[in-house]
Amino acid sequence: SAWFNFSDLGGGDLAWNAPNPIFCKGLSNEPGQNSCFLNSALQVLWHLDIFRRSFRQLTSHKCMEDSCIFCALKVKTECARARQPRPPNALAPDNHDRRLFFFFSNPENILMRIHFHIADESKEDICTARHCIPHQKFAMMLFEQCVCSSCGASSDPLPFIQMVHYISTTSLCNQAVKMLESRQNATPAMFGELLRKASMGDLRDCPSQCGQQLRMARVLLNSPEIITIGLVWDSEHSNLAEDVIHTLGTCLRLGDLFYRVTEEKARQAELYLVGVVCYYGRHYSTFFFQTKIRRWMYFDDAHVKEVCSLLI
């Protein structure tokens with residue numbers, strides 16, 4: 001499996017002061033701790049400039065004392081930003097890790113837990129709190145609907161909110177083959193269009209029973225600053241890894257990802273790939289584009305290194 005984070009490239013706010021620095025500390029993962037996903041999630045959140053700046057500005061929360069996930073995350077992210085020359089000393093796990101481990105079992109859990117601590121009076125599906133980072137920065141407000149181009153009938157819109165946009169790798173690769181067969185050259189819109197077609201789902205009967213077969217269309221109602229794409233393998237022994245890599249793009253336009261977007265800001269938005277969480281060989285690791293020094297970094301638990309200095 002893999003998670004891809006797309007964001008703008010507004011530049012980081014870390015105080016880097018050396019020409020070729022690697023000041024990020026790794027996070028240790030001793031035998032039996034099984035904290036590699038936790039480590040990857042922490043690195044992603046901390047290096048997302050939008051999340052880091054917003055999280056630092058929060059001054060109060062609903063504290064659960066010894067079981068407070070917010071406090072545990074605060075400690076971990078503050079530790080993760082500590083700077084020192086290479087090779088970095090790994091940060092050892094502490095008592096917070098047992099709390100964090102459960103809630104970092106998938107991306108949605110930690111975002112919804114942050115929502116609980118800072119905006120618990122609002123429901124998850126209708127939260128409008130301006131200081132709620134998950135809903136203001138990550139949440140995609142959508143509705144699904146079938147619209148028949150033949151008779152004009154439409155199904156009732158189904159509204160929902162999602163934090164992660166999941167895509168089947170099999171569907172992704174199948175759509176990539178169809179798109180490449182139908183055009184000679186790739187276009188800037190190809191990646192977003194590819195993701196949209198891969199997530200359209202099964203055919204359904206027209207609501208008026210006119211005989212047409214339709215697919216659900218997703219309409220985006222807001223303009224999220226961070227888009228998380230989750231690629232899901234249909235089998236543990238899939239041979240599609242190389243094909244999936246060839247389909248990836250580094251630029252994502254919201255107007256290409258969804259059937260329609262309602263906000264002008266979303267129609268103009270172009271987000272860039274900044275983070276990738278990979279799962280291979282029963283182990284999670286992370287690649288992240290550090291916007292201040294404009295280099296790709298690799299985080300494999302306690303091991304941190306620069307892997308590429310090319311600009312996106």
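Predicted model: local features only at pLDDT ≥ 70, side-chain atom pairs only at ≥ 80, totals over all residues.
Student: Why is D256 called buried?

Tutor: Buried means under 20% relative accessible area. D256 has 13%, so the label applies. This residue is found in helix α10, residues 254-257.

Student: Which residues does D256 touch, leaving aside those up to four places away in sequence?

Tutor: D256 touches A189, G192, E193 and R196.

Student: Which residues meet where α7 and α8 come into contact?

Tutor: From α7 come S171, L172, Q175, A176, M179 and L180, which meet M190, E193, L194, L195, K197 and A198 of α8. By class, that contact has 8 nonpolar, 2 polar and 2 charged residues.

Student: Let's turn to the loops. Why does R294 count as partly exposed?

Tutor: Partly exposed lies between the buried limit of 20% and the exposed limit of 50%. R294 is at 28%, so it counts as partly exposed. R294 sits in the loop between β12 (284-290) and β13 (295-300), and has a positive phi of about 55 degrees although it is not a glycine.

Student: And how do you know that D301 is buried?

Tutor: D301 has a relative accessible area of 12%, under the 20% cut-off, so it is buried. D301 lies in the loop between β13 and β14 (303-308). D301 is not a glycine, yet its phi is positive, at about 55 degrees.

Notes:
Residues numbered from 1 in each chain as written. Heavy atoms only, no water. Helix = DSSP H or I, 4+ residues; strand = E, 2+ residues; numbered from the N terminus. Buried < 20%, exposed > 50% of the residue type's maximum accessible area, 1.4 Å probe, protein only. Contact = heavy atoms within 4.5 Å. Nonpolar A, V, L, I, M, F, W, Y, C, P; charged D, E, K, R; others polar.
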